[in-house]
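Please read it alongside the model.

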Amino acid sequence: MLVLDTPEAIEKHRQRTLLVGLRTEMLTGMKLSRGRTCYSIIKEEFGLRGSKEKVYYAFKKLVNG
């Protein structure tokens with residue numbers, strides 16, 4: 001069982017989930033939810049620009065350090 005007990009751990013997990021979601025959107029065209037796409041969330045919250053592929057690699061670098 002995974003316990004995320006700090007705000008930093010919760011945010012890191014959220015970022016990893018967005019990264020996986022964006023990869024899923026790129027490969028299959030499916031969205032993680034019925035709301036906004038991970039692509040649009042990442043672009044807005046992290047100020048990244050470009051195609052899904054460019055945003056994916058830039059965000060992956062940001063998440064993984």
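Which residues in helix 3 are buried? They are Val-55, Tyr-56, Phe-59 and Val-63. Buried means under 20% relative accessible area, exposed over 50%, and partly exposed in between (1.4 Å probe, protein chains only). Seen down the axis of helix 3, these buried residues fall within an arc of 100°, so they line one face of the helix. The arc is that of the directions from the helix axis to the C-beta atoms. An α-helix has 3.6 residues a turn, so residues three or four places apart point the same way.

This is a predicted model: local features need pLDDT of at least 70, side-chain atom pairs count only at pLDDT 80 or more, and totals for chains, interfaces and linings use all residues. Residues are numbered from 1 along each chain as its sequence is written, and side-chain values use heavy atoms, with hydrogens and water left out.

Helices (H or I, at least four residues) are DSSP runs, numbered from the N terminus. The expected span of a helix is 1.5 Å times one less than its number of residues.

| Helix | Length | Span, first to last C-alpha | Expected span |
|---|---|---|---|
| Helix 1 (7-28) | 22 residues | 31 Å | 32 Å |
| Helix 3 (52-64) | 13 residues | 18 Å | 18 Å |

The buried residues of helix 3 pack against helix 1 and helix 2 (38-46). Contact here means heavy atoms within 4.5 Å. The other side of helix 3 holds exposed Lys-54, Lys-61 and Asn-64. Gly-65 follows helix 3, with a positive phi near 85°.

Now helix 1. Its buried residues are Gln-15, Leu-18, Leu-19, Gly-21, Leu-22 and Glu-25. They cover an arc of only 165° around the axis, which puts them on the same side of helix 1. Their cover includes helix 2 and helix 3. Val-20, Leu-27 and Thr-28 are exposed on the face turned away from the buried side of helix 1. Gly-29 follows helix 1, and its phi is positive, near 85°.

Pro-7 lies in helix 1. Its relative accessibility is 62%, so Pro-7 counts as exposed. Pro-7 and Lys-54 are 47 residues apart in sequence and 28 Å apart in space, C-alpha to C-alpha.

Leu-4 sits in the segment before helix 1. At 32% relative accessibility, Leu-4 counts as partly exposed. Together, Leu-2, Leu-4 and Ile-10 make a nonpolar surface patch of about 280 Å².

Conventions
Patch = residues over 30% accessible without salt bridge, like charges linked within 9 Å, V, L, I, M, F, W, Y side chains within 5 Å. Areas by Shrake-Rupley, 256 points an atom, 1.4 Å probe, with all protein chains shown as cover. Salt bridge = Lys/Arg side-chain N within 4 Å of Asp/Glu carboxyl O. Helix = DSSP H or I, 4+ residues; strand = E, 2+ residues; numbered from the N terminus.
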